[in-house]
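I opened this notebook to record what I looked up in one protein structure. The entries follow the order in which I worked.

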Amino acid sequence: MAATEAQGLGVDPREDEVCGVRGVRGEIGHMDHEDSKDCILEPLSLPESPGGTAALEGPPSVPCIFCEEHFPMTEQDKLLKHMIIEHKIVIADVKLVADFQRYILYWRKRFTEQPITDFCSVIRINSTAPSEEQDNYYLLCDVLPEDRILREELQKQKLKEILDQQQRERNDTSFHGVCMFCSEEFRGNRSVLLNHMAREHAFNIGLPDNIVNCTEFLCTLQKKLDNLQCLYCEKTFRDKNTLKDHMRKKQHRRINPKNREYDRFYVINYLELGKSWEEVQSEDDRELLDLQEDDWSDWQEYPVSAVCLFCEKQEETIDKLYVHMKDTHEFDLLRIKSELGLNFYQQVKLVNFIRRQVHQCRCYSCHVKFKSKTDLRIHMEEAKHTSLLPDRKAWDQLEYYFPTYENDTLLCTLSDSESDLTAQEPTESVPIISEDTSRLCALKQSSVLNQLLIQGCLEN
């Protein structure tokens, strides 16, 4: 398979074979040296991979474009540094190359067929210095059509491999993983574990269908936690409890979006050559803004159902719900609001208070607790307790600012008019007396404010 792909890009598959043989010889020479020792100072283990050949092959390596130097794939920067210093060649935007190894092997073969100047731009440094001090560097970039086509082809092949891998993970039912926060084990599909961490621990790394190489991703995150490192701010702590408290209090149960190490685990980063997920997302946002239309004739507003305070009845409008509660449960919320002079926030507290008492199957009038909501409803209707509210201090508490049910749409339909917010008892009309401000010195001595201050002091 590798040989077929290499031929498609014009790469000689024997290059890979030479690299593999050279790596094996190096390993064998090292083993002969180790076998000369007479003692074993550490426990030994057999290779876990079938056949045991993978242990001898070593990590994949990449050759230099011009010489026989090889560097491990994990030391890509060392290879680039070597080519700049020794061969004076620079590869532009190397981080955007989807398959670095096959990219290098392709140009290694092409440079043996034609001069380097046919492909690279020549950059002369120290051009004003004497000729012996001048030097030429060679820039290989996607301005060259052949390089651009190669990068796009590698990108397409990489995307195909990623999508194939993602599809295998979607269909895989042999996944086995452990939650990073509660150590609960999960088997089956990877989505079970990801959904558990998002639902139970508020740790959301994205939808399962948007993630690829999920097992490696989870191992990377687990390794950071084992090293006592916060996943968001990436600070290191002295023990696990301190790290746990930090991530909880700072709401750092999420990954750092600026850490490019995670980009390879998201399919969106493979969709378009040279663009990260941030650029793709910003383009989508701009398209939405450009496609804004003034014609809203096709807009359809769907009614939001509100649920009764005492039963499961739902109504599409708040007016219908008020009628239902008044006729069925003899609970008139509008009358209670008017009689008690409740503003919007006090209505919210009252509704949340009633919701909680009903949820706990407790009558808020006589404080008797029942086995079910049905029994509670029958009792309150027979005893006429639905309209007998407790004292204001029982429900007008700060804790009832928080909804009993997160999706309680009744709270969104409560009246918030200015008259409700400033409900006050009617007071007698107070006359307003204007004073002459043209003579300030005389006003300070004869102002009515002085009399009010004296009267206030006497009353206190």
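Entry 1, terms. I count a contact when heavy atoms lie within 4.5 Å. I note that this is a predicted model, in which local features need pLDDT of at least 70 and side-chain atom pairs count only at pLDDT 80 or more, while totals for chains, interfaces and linings use all residues. Residues are numbered from 1 along each chain as its sequence is written, and side-chain values use heavy atoms, with hydrogens and water left out.

I looked up the contacts of L414, leaving aside residues up to four places away in sequence, and found Y322, L333, F344, Q347, V348 and V351.

I found 18 helices and nine strands in the protein; helices (H or I, at least four residues) and strands (E, at least two) are DSSP runs, numbered from the N terminus. Of the 460 residues, 32% count as buried. Buried means under 20% relative accessible area, exposed over 50%, and partly exposed in between (1.4 Å probe, protein chains only). Among contacts with a separation of 6 or more, 50% come from residues 24 or more positions apart.

A nonpolar core is a set of buried Ala, Val, Leu, Ile, Met, Phe, Trp, Tyr and Cys residues joined through side-chain atoms within 4.5 Å. Which members of the largest nonpolar core touch the most other members? I found L309, F310, F331, I354 and L414, out of 29 residues. Helices α11 (318–329), α12 (333–340), α13 and α14 each supply at least two residues of this core. Its largest share, seven residues, comes from α13. A second, separate core of 26 residues includes I65, V94, Y106 and I116. In soluble globular proteins, nonpolar side chains tend to be buried together.

In α14 (residues 373–382), the buried residues are L376, H379 and M380. They are on the same side of α14 because they cover an arc of only 95 degrees around the axis, the arc being that of the directions from the helix axis to the C-beta atoms. These buried residues pack against α13 (344–359). After α14 comes K384, which has a positive phi, near 55 degrees.

I located R355 in helix α13. Is R355 buried or exposed? With a relative accessible area of 6%, R355 is buried. Beyond residues up to four places away in sequence, R355 touches V307, C308, L309, T404, Y405, D408 and L410.

A salt bridge is a side-chain nitrogen of Lys or Arg within 4 Å of a carboxyl oxygen of Asp or Glu. By this rule I count 28 salt bridges. One of them joins the side chains of R102 and E161 (3.8 Å, N to O). R102 lies in helix α5 (residues 100–110) and E161 in helix α6 (residues 145–171), so this pair ties together parts that are 59 residues apart in sequence. R102 is buried, at 12% relative accessible area, whereas E161 is partly exposed, at 33%.

R151 and D147 also meet in a salt bridge (2.6 Å, N to O). They are four residues apart in helix α6, so about one helical turn separates them. R151 is buried at 3% relative accessible area, and D147 is buried at 0%.

I close with K109, R110, E113 and E146, which are linked in a network of salt bridges.
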